[in-house]
Amino acid sequence: MSVKRKMVDDDDVEGYSKTDNYHPVTVKRVADKYRTILKDLGENPEREGLLKTPDRVSKALHYLTHGYDLDPAEILKSAMFAEEYSQMVIVKDIEVYSMCEHHMLPFFGHIHVAYKPNNKIVGLGAIANVVDVFARRLQLQERLTEQIADAFMEVLEPQGVLVICTARHFCMVMRGVKQDPEII
């Protein structure tokens with residue numbers, strides 16, 4: 001369950017506030033684990049620079065994985081309408097930011113979605129929203145493209161769908177092989 005409330009962090013600029021959805025019990029539970037992780041890494045979670053870090057990390061992870069709480073089929077259905085259009089619909093260069101499930105490090109890039117309608121089309125913004133729903137989960141690039149395609153096939157029943165993702169993976173750049181290839 002998500003609780004919507006106005007949150008103002010002490011380090012926010014005077015007069016600025018933001019509204020985020022967080023479940024306070026979950027935020028605290030995850031933050032407590034990060035305090036322990038900081039200790040286990042040899043850090044002092046009580047030093048000034050780290051005092052709020054566990055809460056910030058908890059909220060960041062909650063935001064970065066909020067796709068579990070969203071239903072891509074509902075997004076598509078809400079923007080779908082009947083249309084006798086038979087040409088390919090292509091939305092390219094949708095920015096994507098996700099986290100790999102193996103190391104919980106970011107990967108980012110672009111996704112291109114194409115589908116050939118079968119008397120049903122969807123608003124173009126819904127396409128980007130569906131991409132974001134699946135990207136905001138712990139992911140594999142291969143699964144991400146498959147889940148997007150499956151959602152389109154299930155809801156729109158098009159003649160066909162194609163999803164291409166190009167991405168850079170921090171798990172390859174910051175650790176391991178320390179290479180920066182663009183993965184397609």
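**Reading burial, strands and helix packing**

Student: How is T166 to be read, as buried or exposed?

Tutor: T166 counts as buried because its relative accessibility is 14%, where buried means under 20% relative accessible area, exposed over 50%, and partly exposed in between, computed with a 1.4 Å probe on protein chains only. This is a predicted model, in which local features need pLDDT of at least 70 and side-chain atom pairs count only at pLDDT 80 or more, while totals for chains, interfaces and linings use all residues. Residues are numbered from 1 along each chain as its sequence is written, and side-chain values use heavy atoms, with hydrogens and water left out.

Student: Where does T166 lie, and with which residues is T166 in contact?

Tutor: T166 lies in strand β8; strands (E, at least two residues) and helices (H or I, at least four) are DSSP runs numbered from the N terminus. Contact means heavy atoms within 4.5 Å, and, leaving aside neighbours within four places in sequence, T166 is in contact with F108, G109, H110, Q141, E182, I183 and I184.

Student: What can be said of H110?

Tutor: H110 is placed in strand β5 and, at 30% relative accessibility, counts as partly exposed. With the neighbours within four places in sequence again set aside, the contacts of H110 are D93, I94, E95, V96, I164, C165 and T166. The bridge partner of E95 is H110, and the C-alpha atoms of H110 and D93, which are 17 residues apart along the chain, are separated by 5.0 Å.

Student: How are the strands arranged in the sheet?

Tutor: Two strands pair if DSSP finds at least two bridges between them. Here 4 strands form an open sheet with mixed pairing, in the order β7-β4-β5-β8, and its edge strands, β7 (138-139) and β8 (160-169), each pair on one side only. Strands β4 (residues 89-100) and β5 (residues 106-116) run antiparallel and are joined by 9 bridges.

Student: How should I read the packing of α4 and α5?

Tutor: Two packed helices are described by the angle between their axes and by the distance between those axes. Axes are lines fitted to C-alpha atoms, for helices over the stretch in contact, and angles run from 0 to 180 degrees between N-to-C directions. Helix α4 (residues 124-135) and helix α5 (residues 141-156) pack at about 135°, with axes 10 Å apart. The two are therefore oblique to each other, since angles under 35 degrees count as roughly parallel, over 145 as roughly antiparallel, 65 to 115 as roughly perpendicular and the rest as oblique. In α4, I127, V130, V131, F134 and A135 meet L144, Q147, I148, A151 and F152 in α5.
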